[in-house]
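User: I would like to learn how to read the helix packing and the sheets of a protein model. Could you take me through them one feature at a time?

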Amino acid sequence: MSSGSAINLLRERARRAADLVAKHEFVRIYTHHDADGISAGAILAKSLLRAGKAFHITFLKGLNEPFEYERGELLVFADMGSGYADLISQVETDVVVLDHHIPNGEIRPKGNIVHVNPHLVGMDGTFELSASGVCYFFANELGRNRDLASLALIGALGDKQKIVGGNEEIFKKGIEAGVVEEKKGVNLPSGKLRDVLVKSLEPYLDFYKKEEELEEFLEKAGLDGDREFDELGEDEIRRLADAVALRLLKMNAYTGIFDQIIGKRIVLKNLLIKNAVMAVDVVNSCGRIGSMSTALAMLLGDVEAMNRAIRIRDEYVVQILEELKKRREEVREGFCIRYLIMENGLSASPVATTLSRYVFTDKPLIVINIKNEHAKVSARTNEALAERVDLAEIMRLAAERVGGRGGGHRVAAGANIAPDKVEEFLKEVDRLCCAMLV
Ligand SMILES: [Mn+2]
C-alpha cells in the first residue's frame with residue numbers, strides 16, 4: 001500500500017477517536033514511561049487542553065501493571081494496548097488505543113472502542129510511525145495542532161525509528177508549520193564540545209576517563225573543546241564530522257550508523273531544547289530513572305523542569321558510562337554470540353545497545369541482569385547481522401525452552417527467565433544464532 005493511502009486510513013481512525021473524545025468531558029490517559037510514551041503524553045495534554053477537555057495522565061511500564069478507571073469516563077492508552085486485546089476487552093467504558101506495537105487480536109470492550117495503530121492500515125509501526133506519531137495524527141483531528149510535530153519527532157527518534165512513511169509526513173508538516181528544521185551537521189547532544197564528546201551515548205565515542213585521547217582528538221581536528229556544540233560554524237562541523245567518523249572506524253563501530261550520525265540533524269524550533277538529539281536524550285534519561293513528570297513538564301514548556309531534566313540526564317549518562325567501562329571487561333565470547341552476565345547491574349538494555357553498536361559489533365550481544373531472583377535479558381545486534389539472525393525468534397524459543405518468555409524485534413529483543421536457567425538459556429541462544437548464521 002502506498003504510504004499516502006495508509007496515512008489517509010490512519011487519519012480516518014484518528015478522526016473517529018477525536019469524535020469519541022468529543023462525547024466526553026474527562027479523559028484518563030495511560031502512557032508508557034519511555035521517550036515515545038512521554039512525548040505521546042505531551043501531545044495528548046496539549047491537544048486536550050486546547051480542546052477544553054479535562055484529563056489525567058499516568059505513566060506505566062506496561063499493561064502488566066494495574067490500571068484504574070471509572071465507568072463513563074474515556075480511557076486512552078498510548079504506546080501500549082495493541083498487544084493486550086484480552087485485557088482491554090474486559091474494560092467497561094469507552095476506550096481509545098493510540099499505539100504502534102503489533103496488535104494481537106481484536107479489542108472489544110463493553111463500551112465503544114477506537115484503535116489507531118499504523119499496523120492496522122498497512123504501515124510498519126516498528127520504524128515508520130511511533131505512538132507519539134499516532135497521537136500527532138489524533139491531535140490534528142481534534143483541532144489545529146500542527147505545531148506538535150516537534151514533540152512527535154522526539155518519540156520517533158526515541159524509539160530509533162526512521163524519518164519515512166508516517167514520520168516523514170509529520171516531519172514535513174513540522175517544516176510547513178515552522179517548528180522543525182533540517183540542518184547539515186553531526187548528531188550529538190548539546191553542551192561544551194569537550195563534554196558532548198564524553199557524554200554522548202549515541203554515538204558512543206569512548207572518551208570517558210580518557211582525557212588525553214580526547215585532547216589529542218580535539219587538537220588534531222583543530223577544535224576548541226570549550227566551544228558550545230550547538231554554536232559551531234560550518235567549517236568546525238565539517239572537521240568534527242570527519243574526526244568522529246575516523247574515531248568510530250578505529251573503534252570498529254557498526255558502519256551502518258554513520259548515516260544517522262553524520263550529515264543531517266533536526267532542530268526543534270518551538271521546544272525548550274532545540275537540538276533533537278539532546279531533547280531525546282534528556283526525555284529518555286528522565287524516563288529511565290522514573291522522573292517522567294519532569295520530562296513531561298519540560299516538553300510542555302516549563303523552564304525549571306528543563307533545568308532539572310538536564311541535571312537528571314547528566315547524572316544518568318555518567319552512571320551508564322561508568323557501567324560500560326566496568327562491564328565491557330566482563331563480556332565473554334560464545335561460538336556465535338557474546339554475552340555478559342551482571343548481578344544487580346544498573347540496567348541491561350542501554351549497556352547492551354551501546355556495546356553491540358560501538359564495541360562488540362561482529363556477533364549478537366546478550367546481556368543478562370540478575371536482580372531480585374529474576375533474570376532480565378537484553379539481546380542486541382546490528383541491522384547487517386539481523387538480516388540473518390532474528391533475535392525476536394531466538395529470544396522467544398530459548399526462553400520458552402527454560403520456562404520463560406521472550407520476544408521483540410530482529411535487532412533488539414528481550415526475555416525474562418529464572419536465574420538458575422541462565423546457563424542453559426545462553427547455550428540455546430548460541431546454538432540458535434549459529435544455526436541462523438550458517
Ligand atoms: Mn513506542
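This is a predicted model: local features need pLDDT of at least 70, side-chain atom pairs count only at pLDDT 80 or more; totals for chains, interfaces and linings use all residues.

User: Which residues of H12 and H13 meet?

Analyst: From H12 come Thr 294, Ala 295, Ala 297 and Met 298, and they meet Ala 305, Met 306, Arg 308, Ala 309 and Ile 312 in H13. Sorted by class, the residues of this contact between H12 and H13 are 7 nonpolar, 1 polar and 1 charged.

User: At what angle do H11 and H12 pack, and how far apart are their axes?

Analyst: Helix H11 (residues 276–289) packs with H12 at an angle of about 150 degrees, and the axes of the two are 7 Å apart. Angles over 145 degrees count as roughly antiparallel, so H11 is roughly antiparallel to H12. Val 282, Val 283, Cys 286 and Gly 287 are the residues of H11 that meet Met 292, Thr 294 and Ala 295 of H12, and the contact of H11 with H12 is made up of 5 nonpolar, 2 polar and no charged residues.

User: Turning to sheets, what is the strand order in the open sheet of 5 strands, and is the pairing parallel or mixed?

Analyst: Strands of a sheet pair through backbone hydrogen bonds, either parallel or antiparallel. Here the open sheet of 5 strands has parallel pairing and runs in the order S2-S1-S3-S4-S5. Strand S2 (54–60) and strand S5 (113–116) are at the edges with a single partner strand each, so one side of each has no neighbour in the sheet. On average, neighbouring strands of this sheet are turned by 15 degrees against each other, with direction ignored.

User: How many bridges join S1 to S2, and which helix packs on this sheet?

Analyst: Strand S1 (residues 26–32) runs parallel to S2 and is joined to S2 by 7 bridges, and within this pair Val 27 stands opposite Phe 55 in S2. Helix H2 (residues 35–50) packs on the sheet and touches S1, S2, strand S3 (74–78) and strand S4 (95–98), while the direction of H2 makes about 165 degrees with that of S1.

User: What is the strand order in the open sheet of 6 strands, and which are its edge strands?

Analyst: The order in this open sheet of 6 strands is S8-S9-S10-S11-S13-S12, and the pairing is mixed. Its edge strands, which pair on one side only, are strand S8 (332–333) and strand S12 (405–408). Strand S10 (residues 365–371) and strand S11 (residues 374–380) provide an antiparallel pair with 7 bridges, in which Val 367 stands opposite Ser 378 in S11. Helix H16 (residues 391–401) packs on the sheet, where H16 touches S11, S12 and strand S13 (412–417), and its direction makes about 175 degrees with that of S12.

User: Is the crossing of H16 and H17 left-handed or right-handed?

Analyst: The crossing of H16 and H17 is right-handed. H16 packs with helix H17 (residues 422–437) at an angle of about 145 degrees, and their axes are 9 Å apart. Among the residues that make the contact are Ile 394, Leu 397 and Arg 401 of H16, together with Phe 425, Glu 428 and Leu 432 of H17. The contact of H16 with H17 has 8 nonpolar and 2 charged residues, with no polar ones.

User: Where does Pro 203 lie, and is the peptide bond from Glu 202 to Pro 203 cis or trans?

Analyst: Pro 203 lies in the loop between helix H7 (193–199) and helix H8 (211–221), and the peptide bond from Glu 202 to Pro 203 is cis, with omega near 5 degrees. Phi of Asn 252 is near 75 degrees, a positive value in a residue other than glycine.

Note on methods
Residues are numbered from 1 along each chain as its sequence is written. Two strands pair if DSSP finds at least two bridges between them. Helices (H or I, at least four residues) and strands (E, at least two) are DSSP runs, numbered from the N terminus. Two residues are in contact if their C-beta atoms, placed from the backbone, lie within 7 Å. Axes are lines fitted to C-alpha atoms, for helices over the stretch in contact, and angles run from 0 to 180 degrees between N-to-C directions. Ala, Val, Leu, Ile, Met, Phe, Trp, Tyr, Cys and Pro count as nonpolar, Asp, Glu, Lys and Arg as charged, and the others, Gly among them, as polar. A crossing is left-handed if the near helix is turned anticlockwise from the far one by less than a right angle, and right-handed if clockwise. Angles under 35 degrees count as roughly parallel, over 145 as roughly antiparallel, 65 to 115 as roughly perpendicular and the rest as oblique.
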